[in-house]
Structure formats: structure tokens, C-alpha cells
Amino acid sequence: MELIYMILAFLSGILGTFLGGVRSFVIYGIIGLIYFLLPIVGFQVPIVLEISLNIIFIPCIIFNAAVLATAYASKKYDIEAIEVNRSLYFTKDRVVFLCGGIAGTCGYLLLKFFDSLTLPCDHCSLVIVIIGVMGRLCIFREKGFELPSLLDLQDFKLSFAIYQIFFAVLISFVSIFFVQLTNTITIGFYISAISIFITFYNPQFPIIHHICLVVGYTMMLTNNIMLAIFLGILSQFFYIGCHHILNADKGTYIDAPALTIGVMTFIIFMIL
């Protein structure tokens, strides 16, 4: 059975290369929402849907594959390594798709390894970050992890901070409502994943799934609304800093929301 799952992960990587990272994540959100809704309306969850959610479309496999394949394709084709929203079908390059398949398999094996260790953090996010860093170091070795200068931070004003706090509080409240309504920590994560499709029409649409999942974990462990909101705010600022440091003209894409989720869940599981 394990061999079958590895083959599925390889095929998932190829599929992610074809779809693009962002599209695959949106589909993951749709599948997750269907997975949640089926028992409510009286239907049993089919095994195909369960495998799709936990292997084929799980971000640490399919999204990772798209990220690494895009990084490799950027060396040969007219695409930027950070453009993980684009399908790579236009390349029609077997090596590009093979790169995606291998990345998908690596993502699956890393996930199984971390699951066996029962590390106190979100394992899927940890795998996404590791694969992203590997892509940066192996494919774009000329790019690094330089800290931004103070001049790069000159636009970080009080009004910006107030807006981010208000935004994070709003998203946290909505996430708390859905978590308490459904008793499911990932419900906000699924909905926020689906909402990312809006970025195809409005690239400035905000990313929120890091807030939703951190708030969900906090509510599950503590049921403390104020603490969940505080960690939601902290997650937003941590995400902004990570994205600025990791993806400011650094070549390959490293997922700042995944790093935020990984660090924040580590704090939550270790302290709470």
C-alpha cells in the first residue's frame, strides 16, 4: 500500500506541475470543504475523496511539486521562479514534469517521516518550508536569505500596522465563528484556500489561510477567544516579515504562510 501511495504522490507532483501551485491549493480547499460537508448531509465520505485530500491534493505534495518544477522551468523558459500561479503545461518538457513528480514523492516521504516523529508542529507546513528551501539552495544557488535593509522597511508605518491588526482581528473572529460552529479546526483553512482563486483576478487580494489555521489550532487546544485573536494578529505580522525576507527578489518561492503556520503551531503545541 505504501508503494501505491508513493506512486500517487509522484503522479500528484506531475498534476501539480500541470495545474500550477495556486490552482492546486484552491482545489485542495474545495475537496476539504466537500469532505467536511458530506457527513452533514448524510453521505459517507468515499475513499477516493479521502485519498485526494490526504495525498493527491495535500499542499506539501502537490503544491511543493509546482514550486520546484517552476523553479527548474525558470532556468529554461519564459517564466519567473516565483510564478507558482502558472501552469507549466506550456513547456511540454518531460524533465520539468519529472521534476514535479520527484518533488511530490519527496514531499510524501518527508511527511511520513515527520508524522512518525510526532513533532509538535504542523507537519505539512514544515515539509513545504523544507522543500522550498531545498529548491532555493539547489536550483537558485546564487540567491540567498539576505535580511532586508532598514530602507526596505521605511513604508512600515503606524497606519499600516493598525490596518494589519484590524484585518487580522476580523479574520480571526470569522475563523473562530466557523470553528465553534462546526467544531472543525481546518474549516477556515479550507475556505481561505478556496478564496485564493480571487488572486487570479486581483493579485492584491490578501492571503489569510495562515491566520485561519493558527486560530483553529488555538481554539482546539484552549477555547480561548482572546488568545486566538492575539495569535492571529501575531501570525499576520510574522507572515509579512517572512514574505519580505524570503521572497523579496530572491528567485525561487518559499511559502511564507507555511513557515508562519509551522512556527506558530510549534509555539502553540509547546506552550499551550
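Read along the sequence, the protein chain follows the pattern α-α-α-α-α-α-α-α-α-α-α. This amounts to eleven helices and zero strands. The model is predicted, and the chain averages a pLDDT of 92, with 93% of the residues scoring at least 70.

**Confidence**

- Among the helices of the protein chain, confidence is lowest in helix H6 (residues 123-138), where the mean is 92.
- Confidence is highest in H8, with a value of 97.

**Overall dimensions and packing**

- A compact globule of 272 residues would have a radius of gyration near 19 Å, and the 18 Å of the protein chain therefore agrees with that expectation.
- Taken along the principal axes, the box filled by the C-alpha atoms is roughly 55 × 50 × 40 Å.
- Of the 272 residues in the protein chain, 49% are buried.
- When contacts between residues at least 6 apart in sequence are considered, 73% of them join residues at least 24 apart.

- In soluble globular proteins, nonpolar side chains tend to be buried together.

**Helix H4**

- Helix H4 covers residues 59-73; at 1.5 Å a residue its 15 residues should span 21 Å, so the 20 Å between its end C-alpha atoms agrees with expectation.
- The helix is mostly covered, as 14 of its 15 residues are buried.

**Tyrosine 28 and the aromatic pairs**

- Beyond its neighbours within four places in sequence, tyrosine 28 is in contact with Leu53, Phe57, Ile58, Pro59, Phe189 and Tyr190.
- Twelve aromatic pairs are found in a search of the whole structure.
- One of these joins tyrosine 28 to phenylalanine 189 in an edge-to-face arrangement, at 6.2 Å centre to centre and with 75° between the planes.
- This pair links distant parts of the chain: tyrosine 28 belongs to helix H2 (residues 21-40) and phenylalanine 189 to helix H8 (residues 187-195), 161 residues apart.
- Tyrosine 28 and phenylalanine 189 are both buried.
- Phenylalanine 177 and phenylalanine 178 also form an edge-to-face pair, with 5.4 Å centre to centre and 75° between the planes.
- Phenylalanine 178 has a relative accessible area of 28% and is therefore classed as partly exposed, given that this class runs between 20% and 50%.
- A single aromatic cluster is formed by Phe25, Tyr28, Phe189 and Tyr190.

**Histidine 123**

- Histidine 123 is located in helix H6.
- The relative accessible area of histidine 123 is 12%, so the residue counts as buried, the cut-off being under 20%.
- Leaving out neighbours within four places in sequence, the contacts of histidine 123 are with Leu111, Phe114, Asp115 and Thr118.

Methods: Residues are numbered from 1 along each chain as its sequence is written. This is a predicted model: local features need pLDDT of at least 70, side-chain atom pairs count only at pLDDT 80 or more; totals for chains, interfaces and linings use all residues. Side-chain values use heavy atoms; hydrogens and water are left out. Helices (H or I, at least four residues) and strands (E, at least two) are DSSP runs, numbered from the N terminus. The expected span of a helix is 1.5 Å times one less than its number of residues. Buried means under 20% relative accessible area, exposed over 50%, partly exposed in between (1.4 Å probe, protein chains only). Contact means heavy atoms within 4.5 Å. Rings of Phe, Tyr and Trp (its six-membered ring) pair if their centres lie within 6.5 Å; planes under 30 degrees apart count as stacked, over 60 as edge-to-face and the rest as tilted. pLDDT is the predictor's confidence in each residue, from 0 to 100. The radius of gyration is taken over C-alpha atoms; the globule rule is 2.2 Å times the number of residues to the power 0.38.
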